[in-house]
Amino acid sequence: MINELEITVGNEAGKSYLKDMYFTPPFKIADLSRYQARNILSLMMMSSSPGILDQDNYQIKINLEKKARLRLETQSYQRLFQMINGAKQTVDVCLDTGAQFSYIPHPVVPHKNSVYESFTRVFLEQDTTFTYSEIITCGRKYSGEIFQFRKFRNLTEIYFQNKLILKDNLYMEPEVMQLDSLGMLEHYTHQATWMHIHTGSENNKTKMNHVRQMLEDEKEIVLGITEPGDWGFVIRILGNEAELIYTLFKKLEHYIENQ
């Protein structure tokens, strides 16, 4: 089943607004902007489905015009149910000059025998800000379902003025990978990625150092930070509690928005 969502955000007199929107079931969109203090459009992506089902094909497009600002949120954890053939998702994000987009979704829970592939492409112009994360759990951990999904893949590509500047390829196939072995996840059950790219910014390193200080006292996670050129930084985290990581990511999002 093909499920489509397309959002276009414009900017008029310094205020971001929802210019155009199209979606098919199970997608729904809620406007949360009136609850936010800053001049940024805040939308929640909702679904009438309990999760992603076998042969689902999610197609999402996000377009931000010049100087538009959007924070996209999710309603709840994304569950990937048991599958035979698998499901996939494609996300295309296009940010025009001076646009700002932040997307910190809830964690993904791949159930037993789920098969899932996600492809995200981001196109940036000068002075654009892109903040994005993903949190992958081991499955329904407290039901004893740990790494029993069949395959999970998420490929993210970020382009600046049509030139590839960052490519992140996460691939897990528990049947052929020893995910709990040395050099893999070891004794951790959750992994997460947080990306911040700001083209044209001169203080990315300052922001990266501050973010490192915000995280260094967290005892229940391990992390590494990478700089993909001069455009920003990427954080990789291992841990055992999804809600802890999600809360940390929302704190980082709040910090970035106030810079």
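Arg69 is a buried residue with no salt bridge, and the nearest side chain of opposite charge, Glu257, sits 6.0 Å away. Keep in mind that this is a predicted model. Across the whole structure there are nine salt bridges, 10 aromatic pairs and zero disulfides.

**Arg69 and its surroundings**

- Arg69 belongs to strand S6, which covers residues 69–74.
- What does the Arg69 side chain make a polar contact with? Its partner is the side chain of Gln100, at 3.4 Å.
- Why does Glu257 not count as a salt-bridge partner of Arg69? A salt bridge needs a side-chain nitrogen of Lys or Arg within 4 Å of a carboxyl oxygen of Asp or Glu, and Glu257 is 6.0 Å from Arg69.

**Lys250 and helix H2**

- Lys250 is part of helix H2, residues 242–257.
- Leaving aside residues up to four places away in sequence, Lys250 touches Glu73 and Ile104.
- Ser133 is 117 residues from Lys250 in sequence, yet their C-alpha atoms are 9.8 Å apart in space.
- Lys250 also forms a salt bridge with Glu253, at 2.8 Å from N to O.
- Glu253 has a relative accessible area of 3%, so it counts as buried.

**Salt bridges between separate elements**

- As background, side chains of opposite charge can pair when their charged atoms come close.
- Glu65 and Lys19 pair up in a salt bridge at 2.8 Å, N to O.
- That bridge links distant parts of the chain, 46 residues apart: Glu65 is in the loop between strand S5 (57–64) and S6, and Lys19 is in strand S2 (residues 15–23).
- Glu65 is partly exposed at 28% relative accessibility, and Lys19 is partly exposed too, at 45%.
- Lys205 and Glu227 make another salt bridge, at 3.0 Å from N to O.
- Lys205 is in helix H1 (residues 204–215) and Glu227 is in the loop between strand S16 (222–226) and strand S17 (232–239), so this bridge ties together parts that are 22 residues apart in sequence.
- Lys205 is partly exposed, with a relative accessible area of 48%, and Glu227 is partly exposed at 38%.

**Aromatic pairs**

- A pair of rings is described by the distance of the centres and the angle of the planes.
- Among the 10 aromatic pairs in the structure, Phe123 and Tyr159 count as stacked because their ring centres are 5.2 Å apart and their planes are at 15°.
- The Phe123–Tyr159 pair links distant parts of the chain, 36 residues apart, with Phe123 in strand S11 (residues 115–124) and Tyr159 in strand S13 (residues 151–160).
- Phe147 and Phe149 form an edge-to-face pair, 6.3 Å centre to centre with 70° between the planes.
- Phe147 and Phe149 are both buried.
- Ring pairs also connect Phe101, Tyr103, Phe130 and Tyr132 into a cluster.

**Cysteines**

- No disulfides turn up anywhere in the structure.
- Cys94 is partly exposed at 32% relative accessibility, while Cys138 is buried at 1%.

- The peptide bond from Pro25 to Pro26 is cis, with omega near 10°.
- Pro26 is located in the loop between S2 and strand S3 (27–31).
- Ala13 isn't a glycine, but its phi is positive, at about 55°.
- Ala13 is in the loop between strand S1 (2–12) and S2, and Ala13 is exposed, with a relative accessible area of 84%.
- Gln161 likewise has a positive phi, near 50°, without being a glycine.
- Gln161 is in the loop between S13 and strand S14 (163–172), and Gln161 is partly exposed at 43% relative accessibility.

Conventions:
Residues numbered from 1 in each chain as written. Predicted model: local features only at pLDDT ≥ 70, side-chain atom pairs only at ≥ 80, totals over all residues. Heavy atoms only, no water. Helix = DSSP H or I, 4+ residues; strand = E, 2+ residues; numbered from the N terminus. Contact = heavy atoms within 4.5 Å. Buried < 20%, exposed > 50% of the residue type's maximum accessible area, 1.4 Å probe, protein only. Lys, Arg positive; Asp, Glu negative; His and termini not counted. Polar contact = N/O pair within 3.5 Å; in protein donor to acceptor, adjacent residues only side chain to side chain. Disulfide = S-S within 2.5 Å. Phe/Tyr/Trp six-rings, centres within 6.5 Å; stacked < 30°, edge-to-face > 60°.
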